Amino acid sequence: MDLSLTEEQEMLKAAVRRFVDTEYPKETLLELQATGQNAPSEPWSKLAATGWLGIIIPTEYGGEGGSFTDAGVLFEELGRGPVPGPHISTAALGALAILEAGTEEQKRGLLPDVAAGRRTIALAITEADYQWDESDVQAIAATDGDGYRISGTKVYVYDAAAATDLICAVRTENRQHVGLALVPADAPGVSIRRLEGFAWNLAEVRLDGVQIGQSSVLSGRAMPGESPFAGGWLAVERAVANAIPLLCAYQVGGSQQVYEMSVEYSRTRIQFGTPIGRFQRVQDHIINLVNELDSARWTTYEALWKLDTERDAADSIHLAKTVSSVAYYNACNHAHEVHAGVGSTTEYGLTLHTTASRTLYQFLGDPRFHRRRLADALGL
Amino acid sequence: MDFEPRYTAEQEAFRTEVQEWLRDNIPTGIEHPADSSDLTYEQYQLRRDLGRRLGEKGWLWPTAPEEYGGGGLTVDHSVVLEEEIDGYNLSLPPYYDSGGRLGGNSILVWGSEEQKQEFLPKIFKGQIRTWQLLTEPEAGSDLANAKASARRDGDDYVINGQKVYVGSAHGSDYMWTITCTDPEGDRHHNLSWFMVPSDLPGISVFPMDLLSSAGESGAGSGVKNIVYFDNVRVPAKNLIGGENEGWKVATTHLELEHGTGGKIGRNWIVDRIFDYCKSNNRRGEPLSKDSDIRESLIDIYIDAEIGRLFQLRNYWMRHSGAQVTYEGPQASYFRKQSGLRIATGILDILGPAALTKDAQWGAGEGHIEAHQRAAIIALHPGGTTDIQKVIMSRRIGIGRQQRERAGALA
């Protein structure tokens with residue numbers, strides 16, 4: 001038993017933290033938040049140049065061949081920013097979806113570009129009947145000559161506005177299969193509209209008769225003679241399941257940052273002639289916050305460890321997502337209690353996390369969804 | 001990271017050895033009663049006997065130093081032992097021995113070489129069972145206000161006073177206690193610890209009538225007592241850590257009592273309620289298929305998992321020598337608060353069947369009913385939840401001007 005990071009992981013952690021401090025100072029994060037531009041302009045190309053986007057992609061496909069825990073360390077540090085995507089969408093969800101669903105040729109063709117950040121990806125799964133179940137996918141891939149025409153509306157798509165490519169969940173005309181199609185974001189018939197407000201990097205993606213060729217169907221799981229879409233949903237479910245602990249690590253990083261901000265503020269903010277941290281009412285908020293943080297941290301890293309050691313991780317994945325989503329959400333709430341008015345100003349930076357925590361609360365399945373899945377995994 | 005011990009072939013062989021030994025050496029009739037106050041004297045003797053035999057093998061206190069009678073084993077060996085004995089619903093030691101656990105470590109840190117040689121082998125080999133005596137009527141959360149006095153007289157100290165919420169049923173061999181050795185002295189500079197033989201003249205023990213003793217699972221104390229000291233003469237060599245130096249010893253004792261030691265093992269009540277809901281029907285369906293009950297079970301499961309991970313983390317930190325700050329009281333706070341939430345969840349699931357040990361109408365052969373009582377009483381032993389939060393705040397560095405450091409552990 002050893003609950004410490006390896007020396008290499010500690011080095012990675014320090015390197016990512018330096019990178020985030022240098023390239024994503026608060027001013028940059030606030031500007032990205034305001035404009036919604038987080039790819040492919042600076043500092044995204046610098047992040048891509050580090051090679052970290054290939055962290056879980058095997059070396060034969062141009063990646064670093066790292067472990068899930070290595071990737072957890074990376075995403076935890078990015079979460080401290082919070083550095084906006086499409087890193088999770090590309091390096092975690094996109095890479096895993098291609099690894100799970102792609103043919104050998106597709107993996108060789110796509111993954112080196114993903115690892116290098118030249119190709120950025122968003123996973124377009126959810127629609128008007130918003131859930132993460134197969135039955136909610138209604139977008140249709142209609143046969144059209146040698147290829148397909150895709151029509152439908154994807155909503156609440158995370159990172160869509162920053163992606164060069166969309167991996168879309170689509171249903172075959174005969175409604176028998178839900179599979180995956182790789183659609184260039186600039187293809188004719190694709191329109192992407194950011195959803196304004198408190199949502200964080202969510203968009204509507206309209207697919208209006210978008211033409212794709214056979215080679216754009218991620219068909220690695222289809223048996224000979226089967227529709228190329230067959231097995232796609234299973235593949236994306238696995239990709240999402242394995243990416244969830246990485247999203248959780250990102251939430252852990254955000255919670256950690258919010259915790260440190262709150263401790264610092266409570267030590268330096270003077271009211272009634274004393275640092276406010278001396279007040280037990282204020283201490284209660286910080287204790288609640290650190291308890292949420294550590295709950296998220298240890299459920300997340302146990303899930304990552306299970307993935308790395310090829311244990312059955314289903315229960316841990318659902319547990320980690322439930323706990324981390326609630327933890328990041330509550331961490332921000334407690335931090336607002338500590339910071340009061342100062343925390344509500346955009347320039348202070350807390351609201352970056354508050355905003356992120358709301359969208360990530362439901363992204364890849366909200367706590368209720370994962371609690372139901374957890375009950376199933378436990379054989380209840 | 002590695003959340004499980006990584007077993008070498010040698011350690012796997014060790015597990016087999018442990019399994020075989022436990023199978024051959026754990027007697028029947030030792031089983032944990034639903035209410036630890038129902039542990040009979042005969043059962044207690046069986047447990048003590050098992051403790052002595054574990055002690056002979058160095059398995060009673062596996063990681064304690066070999067030179068003082070401990071096992072001198074690695075953390076991974078220790079985990080094997082804890083897991084295997086947990087399978088029998090027992091823990092190490094297999095009886096209530098708070099003074100051994102907390103006093104033993106305190107002596108290891110603060111005792112003289114002579115004192116270590118005298119007391120530690122007895123503890124680590126299971127020859128004695130020790131109670132801890134801290135709380136007094138006027139010294140609960142404020143331990144530094146202890147008033148039980150110890151006055152030097154020749155080669156002895158003479159102890160007078162009263163300690164409450166002490167120990168267990170079936171007596172003790174030693175009492176590990178904190179006293180005031182300078183009533184006029186400055187706070188935190190007037191206290192001293194003693195290892196007091198329990199059979200000295202002038203000591204009297206009276207059981208208290210409590211809703212629950214809320215002892216630790218598996219080694220539940222069953223009974224709490226009031227202990228009176230009436231001119232009890234204790235040899236001066238039994239003073240641990242120096243006269244008026246008791247607060248520094250207390251920081252070590254309290255560090256462990258506040259949860260830094262961590263723990264390996266399942267949450268028995270959670271296993272029990274899950275099994276119950278899977279195997280009992282209501283309106284023709286297992287309880288676990290009812291959507292409200294599933295919600296409660298998942299709440300319980302999440303609390304139990306977080307608690308398990310906090311304990312595992314602390315166990316690892318304790319045995320790997322990692323720097324601890326707020327983790328001990330955090331685990332303690334979480335265990336207490338989540339324990340009460342879990343009890344509420346069980347009450348939601350079972351209704352009044354959770355509240356009676358009636359053989360026909362109670363659920364869980366009395367274990368559930370005992371847990372309902374224990375969960376509320378468990379909020380205070382070893383420091384109230386509010387005290388845990390005060391310590392966390394100091395360790396985080398917000399409660400006081402200077403950030404407080406954790407107590408020294410061996």
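What share of the contacts in chain B between residues at least 6 apart in sequence join residues at least 24 apart? The figure is 73%. Keep in mind that this is a predicted model.

Let me stay with chain B for a moment. It has eleven helices and ten strands. Of its 410 residues, 57% are buried. Now the overall dimensions. Along the principal axes, the C-alpha atoms of chain B fill a box of roughly 75 × 50 × 45 Å. The radius of gyration of chain B is 22 Å, and this agrees with a compact globule, because a globule of 410 residues would come out near 22 Å.

On to the interface. Chain B brings 42 residues to the contact, and chain A brings 38. Together the two chains bury about 3,900 Å². Carbon and sulfur atoms give 63% of that area.

What about charges and polar groups? Between chain B and chain A there are seven salt bridges. One of them pairs the side chains of A:Arg371 and B:Glu295, at 3.1 Å from N to O.

Which elements of chain B give two or more residues to the side that touches chain A? Helix 3 (75–86), helix 7 (268–279), helix 8 (291–320), helix 9 (327–350) and helix 11 (385–396). Helix 8 of chain B gives the most, with 16 residues. By type, the residues on this side of chain B split into 22 nonpolar, 14 charged and six polar.

That is the tour. Over to the group.

Methods. Residues are numbered from 1 along each chain as its sequence is written. Chains are lettered from A and ligands numbered from 1 in the order in which they are written. This is a predicted model: local features need pLDDT of at least 70, side-chain atom pairs count only at pLDDT 80 or more; totals for chains, interfaces and linings use all residues. Side-chain values use heavy atoms; hydrogens and water are left out. Contact means heavy atoms within 4.5 Å. Buried area is the accessible area (1.4 Å probe) that two parts lose on being put together, summed over both. A salt bridge is a side-chain nitrogen of Lys or Arg within 4 Å of a carboxyl oxygen of Asp or Glu. Helices (H or I, at least four residues) and strands (E, at least two) are DSSP runs, numbered from the N terminus. Ala, Val, Leu, Ile, Met, Phe, Trp, Tyr, Cys and Pro count as nonpolar, Asp, Glu, Lys and Arg as charged, and the others, Gly among them, as polar. The radius of gyration is taken over C-alpha atoms; the globule rule is 2.2 Å times the number of residues to the power 0.38. Buried means under 20% relative accessible area, exposed over 50%, partly exposed in between (1.4 Å probe, protein chains only).
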